[in-house]
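Work through the exercises below with the sequence and the model side by side. Try each task before reading its solution.

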Amino acid sequence: MSPTETGRHFWRDIRVQLPFLAWLVVLWMLLWSQFTVLAFISGLVVAVFVTRVFRLPTVELSGRINIWYAALLIVQFLFAVLRGAVAVTMQVFDFRHQPGAAIIAVPLRYADDLMMTHVAVISSLVPGSLVVEADRDRQVLYLHVIGVRSMADVEKQREGVLQWERRVVRALGAPAQYRALKADERAARAGGAGGLTRGGAR
């Protein structure tokens, strides 16, 4: 392959991976809690380095994005981070009670590899929960969560993760995933509590 063809192949790969690179840069800035030009540039350098050195198969995106639901997802995520930080702080300074912790399994309904990654990252970035294992074959996330003292608390935490899955599907899910979600929502409205039953989602 000639140098010209090599350069052309490089830029084509970058263009195809652009949404993935943008997501890596956002994660880098979130991890460092810095939203500056320097953080953006360093995140971009790291993202390009990682995707070029540790080459993986090209990520197949869903080909669908809903701007309204995507913007709503971002706002809900930022609010959840703030609320989670406040809740964890209150638990730390509540010397009368231990916060309580548990490992919970959350079977996802609409997940493929990319969807599982989105849900896992969001769940881990919200204070109070952390994904400790992901079962790719069974589409199950295992999370360590704090602030649980009863089975009702466990179910509340599980439902929270499933709610994030539904939000991500609305914003970024593949057409088939979005259709499956809408069908389940229609079934839930028609049958009351009968819809969205897998993994305790309602």
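**Exercise 1.** Which residues does His118 touch, not counting residues up to four places away in sequence?

Solution. The model used here is a predicted one. Begin by locating His118, which is found in helix 5. Next, leave out its neighbours up to four places away in sequence; the contacts of His118 are then Trp23, Val168 and Leu172.

**Exercise 2.** Decide whether His118 is buried or exposed.

Solution. The relative accessible area of His118 is 13%. Buried means under 20%, so His118 is buried. Among the other buried residues of helix 5 are Met115, Met116, Val119 and Ile122. The buried residues of this helix pack against helix 2, helix 4, strand 2, strand 3, helix 6 and helix 7.

**Exercise 3.** Check the span of helix 5 against its number of residues.

Solution. Helix 5 covers residues 113-125, which is 13 residues. The expected span is 1.5 Å times one less than the number of residues. That gives 18 Å, and the end C-alpha atoms are 18 Å apart, so the two values agree. Now look at the start of the helix: a side-chain oxygen of Asp112 comes within 3.3 Å of the backbone nitrogen of Leu114.

**Exercise 4.** Describe how strand 3 pairs with strand 1 and with strand 2.

Solution. Take strand 1 (residues 101-107) to begin with: it pairs with strand 3 in the antiparallel sense, over seven bridges. One of the bridge pairs is Ala105 with Tyr142 of strand 3. Then take strand 2, which also runs antiparallel to strand 3 and is joined to it by six bridges. Here Ala134 has Leu141 of strand 3 as its bridge partner.

**Exercise 5.** Where do Ser33 and Gln139 lie, and is each one exposed or partly exposed?

Solution. Ser33 is in the loop between helix 2 and helix 3. Its relative accessible area is 59%, which is over 50%, so Ser33 is exposed. Gln139 is in the loop between strand 2 and strand 3, a hairpin with four residues between the strands. The relative accessible area of Gln139 is 23%, so this residue is partly exposed. Finally, look at the backbone: Ser33 has a positive phi of about 55° without being a glycine, and Gln139 has a positive phi of about 55° without being a glycine.

**Exercise 6.** What is the volume of the second largest pocket, and which residues are closest to its centre?

Solution. The volume is about 720 Å³. Of the 27 lining residues, Arg83, Val126, Pro127, Lys156 and Gln157 are closest to the centre. Helix 4, strand 3 and helix 6 each supply at least two residues of the lining.

How values were computed: Residues numbered from 1 in each chain as written. Predicted model: local features only at pLDDT ≥ 70, side-chain atom pairs only at ≥ 80, totals over all residues. Heavy atoms only, no water. Buried < 20%, exposed > 50% of the residue type's maximum accessible area, 1.4 Å probe, protein only. Contact = heavy atoms within 4.5 Å. Polar contact = N/O pair within 3.5 Å; in protein donor to acceptor, adjacent residues only side chain to side chain. Pairing = 2+ DSSP bridges. 1 Å grid on protein atoms, 1.4 Å probe; cavity = no way out; pocket = protein on both sides within 12 Å on 5 of 7 lines; lining within 4 Å. Points joined across faces, edges and corners; volume = space filled by probe spheres on them.
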